[in-house]
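Please open the model in your viewer and keep the sequence panel beside it. The stops below say what to select next and what is to be found there.

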Amino acid sequence: MLSSRIPLFRVLIVVLTMAVVAGVGVSIATARDADGSASARPLMAAQNSPAEKPRYVAMGSSFASGPESNKRGPSNCGRSQDNYPNKVADTLGYRLVDVTCAGSTTADILRPSKRYHKPPQIDAVTSDTDVVTLTTGGNDVGYIGRLGVQSCVNLAMTGIRPLHCNANRTPSPAPVPESFASVERRMEQIVHAIKARAPKVKIVFVDYPPVVSVTDVACQKLPLAPWEIVEAGVVADSLAAVTAQAAHATGSSLVQPSQAGKAHTVCSPNPWLQGFPGSPPYHPTNAGKNGVAGLVINAMR
C-alpha cells in the first residue's frame, strides 16, 4: 500500500506545481494585456528605435537645390529629391533639412526672401544641428542669369528662339571686384550667424562647378561669343576664390567642384552642367549632382 501511495503523492505534487506555474503565466500575460503589453513594449522599442541621426541643414541656391526643370514645385524653390544634399544625407545617414532655394542670394539666407516669400534659410539651424552645407553667391553676381540671357540673345541673332528665351532682355553688367568682396563679407556673416545658433556645428562651403573654362571653345550647347566665355570663366574663378577665402577666414571646410568640374564643363565629353537651351540651362545634370555629392561625401567622411 505504501508503494502505491508514494507515486500518487508525487503525481499530485507535479500536477499542483504545473497549475501554479500556469497560473503565474496567465497572470503575467493578463497583466501585459491590461497595460498595453507594458513588459513587452520596452523591448520592442529598443529593437525598433534607430539611433538618432546627425541633423544636416543644406542651404544655398539652385546649384544645391538641383531643379529638374524650368517649372517650380510646391516649395517654389526647385528642390529635387536627387540633389546633392539628398545624396549626401542618404549615403552618410544624416537627417536632412533642405532649405535650398533656386534664385536665392546670400541675403536670403540671413533675411526673409522678398522674391519667394520665404523665411530666412538660417531659421532651419537649431542648437542640435551637426552639419551645414552652403552653396551660395552665384546669384549675388548674376553668374548663371547673365549666361542665360547672353545665350538667348546670341541664338536669336541666328534665328533660333528656344522656349523660355526672351531675346529682348539685356544681360546684366559683369560684376566688379567690390561685388565679390561683398559676397565674401556676407558669407562670413552667415557662418557667424550659424555658429551663434549651433556652436559645435561643422560648416562646409561647396562652391560652383564651372560652366566653362577659359580654354574652352564654344560648342553647340554653349552659344557664347569668345569674350563671353572668357568673362564667364573669370566670374567663376572669382566666385570660387572668395568662397575659399570666406571658408579659410571662418575656419570652415571647403569642397571645390570649381576645380574638379573643370574636366566636366558644358562642352566636355562628360558635362556636369546642362547646356543651352536646358531645363534649366547651365544647371547640374545627373552626373553633376553625383559628382558634387561624391566630393562632399569624401570631405565629410
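Helices (H or I, at least four residues) and strands (E, at least two) are DSSP runs, numbered from the N terminus. This is a predicted model, in which local features need pLDDT of at least 70 and side-chain atom pairs count only at pLDDT 80 or more, while totals for chains, interfaces and linings use all residues. Residues are numbered from 1 along each chain as its sequence is written, and side-chain values use heavy atoms, with hydrogens and water left out.

**The whole chain**

Begin with the protein chain in a cartoon view, where ten helices and five strands can be traced. Of its 301 residues, 45% count as buried, a term that here means under 20% relative accessible area, with exposed being over 50% and partly exposed in between (1.4 Å probe, protein chains only). Among contacts (heavy atoms within 4.5 Å) in the protein chain between residues at least 6 apart in sequence, 73% join residues at least 24 apart.

**The loop between α9 and α10**

Select next the loop between α9 (257–260) and α10, where Pro277 has its place. The peptide bond that leads from Phe276 into Pro277 is cis, with omega near -5°. Pro280 lies in the loop between α9 and α10 as well, and a cis peptide bond, with omega about -5°, joins Ser279 to Pro280. Tyr282 is also placed in the loop between α9 and α10, and although Tyr282 is not a glycine, its phi is positive, at about 60°. Most residues other than glycine have a negative phi, and most peptide bonds are trans. Is Tyr282 buried or exposed? With a relative accessibility of 0%, Tyr282 counts as buried.

**Helix α4 and strand β2**

Move to helix α4 (residues 84–92), and show the side chains of Tyr84, Pro85, Asn86, Val88 and Ala89, which are buried. The buried residues of α4 pack against β1, α3 (62–65), β2 (95–98), β3, β4 and α10 (286–300). Gly93 follows α4 and has a positive phi, near 75°.

Then select Asp98 in strand β2; its relative accessible area is 16%, so Asp98 is buried. Leaving aside neighbours within four places in sequence, Asp98 is in contact with Ala58, Arg79, Asn83 and Asn86. The side chain of Asp98 also makes a polar contact with the side chain of Thr100 (2.6 Å); a polar contact is a pair of N or O atoms within 3.5 Å, and within protein one must be able to donate a hydrogen and the other to accept it, residues adjacent in sequence counting only if both atoms are side-chain atoms.

**Helix α7**

Helix α7 (residues 177–197) is the next selection. Its 21 residues, at 1.5 Å a residue, should span 30 Å, and its end C-alpha atoms are 31 Å apart, which agrees; the expected span is 1.5 Å times one less than the number of residues. Within α7, show Phe180, Ser182, Val183, Glu184, Met187, Ile190, Val191 and Ile194, which are buried. These buried residues of α7 pack against β1 (55–60), α5 (106–110), β3 (129–135), β4 (202–206) and α8.

Of the residues in helix α7, zoom in on Ser182, which counts as buried because its relative accessibility is 16%. The side chain of Ser182 makes a polar contact with the side chain of Arg185 (3.0 Å).

**Helices α6 and α8**

Two packed helices are described by the angle between their axes and the distance between the axes. Select helix α6 (residues 143–157) together with helix α8 (residues 226–250), whose axes come within 11 Å and cross at roughly 170°. Axes are lines fitted to C-alpha atoms, for helices over the stretch in contact, and angles run from 0 to 180 degrees between N-to-C directions. How are α6 and α8 oriented, roughly parallel or roughly antiparallel? They are roughly antiparallel to each other, since angles over 145 degrees count as such, while those under 35 count as roughly parallel, 65 to 115 as roughly perpendicular and the rest as oblique.

To see the contact itself, show Tyr143, Arg146, Leu147, Gln150 and Asn154 in α6, which meet Glu228, Glu231, Ala232, Val235, Ala236 and Leu239 in α8. By class, the contact of α6 with α8 has six nonpolar, two polar and three charged residues, where Ala, Val, Leu, Ile, Met, Phe, Trp, Tyr, Cys and Pro count as nonpolar, Asp, Glu, Lys and Arg as charged, and the others, Gly among them, as polar.

**After helix α8**

End at Ser252, in the loop between α8 and β5 (253–255), which counts as buried because its relative accessibility is 14%. The side chain of Ser252 makes a polar contact with that of Thr250 (2.8 Å). Neighbours within four places in sequence aside, Ser252 is in contact with Val191, Ile203, Phe205 and Ala247.
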